[in-house]
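Here's a quick look at a few local features, with the cut-offs spelled out along the way. Have the viewer open as you read.

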Amino acid sequence: MNGLGYEAPQSVEETVALLARENGAARILAGGTDLLAQMKTGAAAPQLLVDVKKVRELSSVEEDEAGFAIGAAVCTAALAEHPGLCAAWPGVVEAARLIGSEQIQGRASLGGNLCNGSPAADSVPALVAAGASCLIAGPGGERELPVEEVIVGPGSTCLEPDELLVSFRLGSGKAKRGDAYLRMIPRSEMDIAIVGAGVCIELDDFGVCHAARIGLGAVAPTPLRVDAAADALVGSRVDDAALEAVAAAASAAADPIDDKRGSAEYRRKVAGVLTRRAAKIALDRARGEQ
Amino acid sequence: MATAENGSSEPKFRWIGTRPVRPDGVDKVRGRANYGADHALPGMLWGKVLRSPYAHARIVSIDTSGALAMEGVHAVVTAEDLPEIAPEESKIGEGPTNYRDLSRNVMARDKVLYHGHAVAAVAASSPAVADRALAHIEVEYEVLPHVLDGDDAQSPDAPLLHDDLYTKGVEPAPERPSNVASRVEMGRGDPERGLAAADFVVERSFRTKAVHQGYIEPHAVVATCGEDGRATVWASSQGHFMIRAYCAKLLGMEQSQIKVVPAEIGGGFGGKTTVYLEPLAIVLSSKSGRPVKMVMSREEVFRATGPASATRIELRMGCTRDGRITGAHARLEYEAGAFPGSPVGAAVMTLFAPYDIDARAEGYDIVVNKPKVAAYRAPGAPMAAFAVESVVDELAAKCGIDPIEFRLNNASKEGVQSTFGPKFKRIGNVETLEAARAHPHWKAPLAPNQGRGVASGFWFNGGMQSSATVQVADDGTVCVVSGNPDIGGSRASLAMMAAEEFGIDIERVDPQIADTSSVGYNDLTGGSRVTFATGMAVVEACRDAVRQLRERAAAIWGVEIDGVEWADGEARPTKGGGELEPLTLRDIALKAARTGGPITGRASLTARGVGMAFGVHICDVEVDPETGKVDVVRYTAVQDAGRAIHPSYVEGQMQGGVAQGVGWALNEEYLYDDDGRMENPGFLDYRVPVASDLPMIDTVIVEVPNPGHPYGVRGVGEVPIVPPIPAVANAVASATGIRMTELPLSPPRVLAAIDESRG
């Protein structure tokens, strides 16, 4: 760890300039819950840590008529204390609250969870289902991307070394919409998802689903947006037949591997089960029943 | 929490059975207690171990010159720096240990036998320099084929770990070496005749995986060895006298040359009944002339310290239609890891203990290219109980008899010939089963997808050697000095027994754990023996001191000692002794200098009269039929404690045993890749239960006093890990109709079984 530097810039511009200067030798420090563990094992050896928690856009949750801008470095515990966000996007908040322990959640952030690039990141399938987009700043200005386009492989994102994830954009609260996230772990907490499923459902005035989005985690090299499963819901009343179709489509879309955390076969089966169960919770929320 | 009382004429105690605040509690909650890694000395160096990247390889050469040339590196140690040790069985630790093997486990000689096996160690000015130095030690290996599984290890073409290992206990003696270290057999009667006469016979094969004790505190030591060849060692362990003896043996030193100071211990569960770092730290200190500190990482703990054996058990048991077990036979294969010495012998002895039946068991001790196993709470018994209690459950169901009634029908009791030799003395097996049957949990309704299991467990408990002294101070307090690391609240229990003996307030007793030079010899903290055996030494030492106090009072009063009785912390004249004012402990202590000097009671003993212990656990689970996830939703542990000195610590032992047993049953397992490398050497993927995985574990203490102990104590620390695995498995069987015989009952495995049963 010789020569490890630390900077805590105050603005997005300053942060991007630092990243550009270091040309890949810097790592962004938000909560550090993944980064510090990687540094301990030697998996990461940055020369400069750029602490982004002093940058206002990254460390606040803003709400306006268009919806929410969630700073990439806001800790997940703070998300749970934001009544507006909890009311509008309960599935996103419940996913964020599954990351690590109570103590970890005082540090861990959505931005860190995404940029760590894990296929099993809990918040990502929920954000995918919620239709979240990411605001990314670089030397040439800003760009906005759907969240599902950020992770491109295990541990890798499409961000350039001089780019900074600033915030997540989520729509405003809406009646007759519900979202939910479920994950499978062998324990009850403090674990990594074997399968994660995020579902968002919107109903029309007649109780028919007119829009749906589904995200799956830990069943492919990257978190997936599964339109085939969402299509099984659209036009239905989310009845048992539609829920079975969703489960089948989710299982079919899963492309998992065997590893120490679970077999491919198990992941495929459970992807369907959890997607169906998350869809049922999302439906209840859309109906205002939960 | 409840206590089921037995017997009508209960003695009345002031302290025994109450729940005072533990004497070591404040330091522990305030972070002041000194654990293994907390110690430091001026000029101290940091030691680190280079470990084998192969599961099995010949060491062709080791070149340490690169590391020694580095700035800040003070010493390097390899097997060449340690004496070559001849084969000799140790009688000190818990479980069989051969000094030659122990030496080669501490530091590989000629061959590495598992991934993570120590091959060299360095001492350097900082942990970072020590880490870099390890990378500059060049080891040339000739990689050999390895064997990871007990089944494969027995195949005729399996790679041999030790070419001089011939199976012991087999007639005629084998002509060729193998990976089967020994065979043991034990039993009672003619079970085959009983099996032939049975109405129902169940035959099953069970498998369990290697699991780690999972103590929170990694192994840690500071050692200093001077020019005079005398060493002082500060270490966290289950026995500082054990460390002294092992280090002396492994380093060719006299025990008198080594003093070991016990640190507070952050969990051991049997895993700290041996040495790993301590001898290396002494040699590194001797070579460098500086104190050396060594602390394992969690990964090292998993890769190189003892797990519990992986096992395969084949069991046949039969019974009559009316629920009488007619015979049983078991074949047990236990993996020992890289060196012989699994607890298969203890397993063969314990597995049928709850039952008055004709049964035989044969056990095999098998070496594989994995870390040498170490003791883990009731070593060997939980896996064997998994087999026996699962089959008993099935037989009870075949007979249509309530599983607790079935166990009562066949229960061992006083006078019954055990399958392992002695006749049972006074035991609480029946009382424990009856208390479980009477518990509301046993008849409580179950929800859909839920099931209930029950299982019995047994453990011998240990006696062995203990010493204690009690020192009466002139403020009227008593310092109780003993020599067993406190892993389960034993300070509190020893202090309570002393307060009871002296008839003084518990606050006036100061229990201390002394180093190897400051108290008489004590065998290690293991075998659930401390409150029993060291407690007995404390009681005897207190009685010795009380006799001296009476003598002093007699001298002050000018009467014979028979004219003085001791009660409520003071000397009183016996009836008819006149109008003498009682003399308190403090009164006598203040006059000690003039009446014969300091008052010190002492006792050293080999504890006889061990009270064997039984437990019965009831477990409710809910099984998710679509994911295979098993949640434990209710749990009740019933156990005979003889007499609970401090009920909170008895309950704590019971709850801790359940927590570990549930983890073993549901998710814990060592996972290996094809190269023999452990894939989950950390608590993220080696899944011990977290708090939210468990319900409140209800406890019922049954008290059938052990006649062999002044207060009736039976050991309580190990029995509670014996029933949980079968209790969980029987509950899963009840919930799903599927008999699972392979651990862990992890979600993928349970779902696969459910899907298979649906066809």
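Predicted model: local features only at pLDDT ≥ 70, side-chain atom pairs only at ≥ 80, totals over all residues.

Pairing here takes at least two DSSP bridges between two strands, and strands are DSSP E runs of at least two residues, while helices are H or I runs of at least four, numbered from the N terminus. One of the contacts links B:A567 to its bridge partner B:E570 in strand 26 of chain B.

The open sheet has three strands in the order 25-26-27 (chain B), paired antiparallel. Strand 25 (564-567) and strand 27 (583-584) of chain B are the edges, each pairing on one side only.

## A negative patch on chain A

Over on the surface, A:E7, A:E13, A:E14, A:E142 and A:E144 gather in a patch of negative charge. Helix 1 (12-22) and strand 7 (141-146) of chain A each give two or more residues to the patch. Patch members have over 30% relative accessible area and no salt bridge, with like charges joined within 9 Å; a salt bridge would be a Lys or Arg side-chain nitrogen within 4 Å of an Asp or Glu carboxyl oxygen.

A:E14 sits in helix 1 of chain A. Its relative accessibility is 38%, so A:E14 counts as partly exposed (buried is under 20%, exposed over 50%, partly exposed in between, with a 1.4 Å probe and protein chains only).

## Ground rules

Residues are numbered from 1 along each chain as written, and chains are lettered from A and ligands numbered from 1 in written order. Local features need pLDDT of at least 70 and side-chain atom pairs 80 or more, while totals for chains, interfaces and linings use all residues; side-chain values use heavy atoms, leaving out hydrogens and water.

Terms used. Patch = residues over 30% accessible without salt bridge, like charges linked within 9 Å, V, L, I, M, F, W, Y side chains within 5 Å. Areas by Shrake-Rupley, 256 points an atom, 1.4 Å probe, with all protein chains shown as cover. Lys, Arg positive; Asp, Glu negative; His and termini not counted. Charge placed at Lys NZ, Arg CZ, Asp CG, Glu CD.
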